[in-house]
Amino acid sequence: MSKYSPIIAAKAVWQMRIRKRPFVLSHAINSRCNMKCSFCEYWKTEGKEMELNDIFKLLEEARAFGILVYNAWTVEPLLRKDLPEILAYAKELGMVTSLITNGLLLEKRIDELEKLDYLSVSVDGTSSYEDIRGVSLDRIMPGIIKAKSMIKNPLLMNCVISGKNLDDIEELIIMAKDLGVKISFEPMYEFQGIENDTWNDMGIREMDKYRRTVDRIIKMKKEGYPIINSYTYLKMVRDLQTEFVCHANDIILDVTADGSIENCRIHRKPIGNISEGIENVWENTRKLRKDTARNCQKCLFFGYVENSLMYNFNLEVAQHYEWM
């Protein structure tokens, strides 16, 4: 969290390293989506969603537990009509607010999100975007431009690198610079439960081309383009190397749309429910979470890796990673 104030950074260290508690509440705020991306598993099952008052109670309990960042994400947060009320309540409790969206409803709804601090929009390509996402890139660009003029902190475009968009990466970075926004990268993770045909079509298969593409990302970062990833992480992405100690479940409390608490977005099996109390679940699952992290094959989701490296005081990451 290198761009946060020293006070918030100190609170993060106190919360995570001394109190041994998470700093971020990552809330899968609903179970519906207005895109049907073939590589995503989240939209395929529309389950129960928490009522507004239950979310308010979750926020109160999370804040009392010391959590200072509220991140609303999946499946598509902007489909919740009460999202502005949720963000406003989190802000009222003293939390930093962030949102991850596919951007389709951004132009229509950004005016309502006065209490939003950080915004991330998934943009996986330029000419390949429609092939990947099933809609035209022109559908989301007006929302990005409008949001950029309204959000005080830099807007982030996040790109998942796949076999479909290797030829688009440089153009996407230049577009980010021209728009005055930040950009992040992470490699596609091949979730179980997705059809093999999808991975054969979208998976990273041309490894030499893939590595050259990531080397180009590294070079463009050195040239001053607005890429938020650290060099340490980008080199791991290039080499598909996961030799790091994962602290995702020390940093982030993952709560699903129905109130289940999960270890992380990879290990989807619930470890508890908010009805049991955040503190109770956290304390009762310490060994389970530690064992899960130790035995995990690890992913390369940039938020997990970068923040795990920060947790271990990696100096290069602290210097060059620019997001939370």
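Select helix α10 (residues 231–239) and helix α14 (residues 302–311): they pack at an angle of about 130°, with axes 10 Å apart. Helices here are DSSP runs of H or I of at least four residues, numbered from the N terminus. Axes are lines fitted to C-alpha atoms over the stretch in contact, and angles run from 0 to 180 degrees between N-to-C directions.

This is a predicted model: local features need pLDDT of at least 70, side-chain atom pairs count only at pLDDT 80 or more, and totals for chains, interfaces and linings use all residues. Residues are numbered from 1 along each chain as its sequence is written, and side-chain values use heavy atoms, leaving out hydrogens and water.

**Stop 1: α10 and α14**

The two helices are therefore oblique to each other. Angles under 35 degrees count as roughly parallel, over 145 as roughly antiparallel, 65 to 115 as roughly perpendicular, and the rest as oblique. The crossing of α10 past α14 is right-handed. Right-handed means that the near helix is turned clockwise from the far one by less than a right angle; anticlockwise is left-handed. Now show T232, Y233 and M236 in α10, which meet F302, V305, E306 and L309 in α14. Contact means heavy atoms within 4.5 Å. The residues of this contact divide into five nonpolar, one polar and one charged. Ala, Val, Leu, Ile, Met, Phe, Trp, Tyr, Cys and Pro count as nonpolar, Asp, Glu, Lys and Arg as charged, and the others, Gly among them, as polar.

**Stop 2: α9 and α10**

Among the contact residues are Y210, V214 and I218 of α9, and Y231, L234 and R238 of α10. By class, the contact has seven nonpolar, no polar and six charged residues.

**Stop 3: N229**

Select N229, in the loop between α9 and α10. Is N229 buried or exposed? N229 counts as buried, at 0% relative accessibility; the cut-off for buried is under 20%, and for exposed over 50%. A polar atom of its side chain lies 2.9 Å from the backbone nitrogen of F185. N229 also touches other residues, including L234, F302 and E306.

**Stop 4: α7 and α9**

Finish with helix α7 (residues 169–179), which packs against α9 at about 25°, with the axes 10 Å apart. That makes α7 roughly parallel to α9. I169, E170, I173 and I174 of α7 meet T213, R216, I217 and M220 of α9.

Terms used:
Buried means under 20% relative accessible area, exposed over 50%, partly exposed in between (1.4 Å probe, protein chains only). A polar contact is a pair of N or O atoms within 3.5 Å; within protein, one must be able to donate a hydrogen and the other to accept it, and residues adjacent in sequence count only if both atoms are side-chain atoms. Lists of a residue's contacts leave out its neighbours within four places in sequence.
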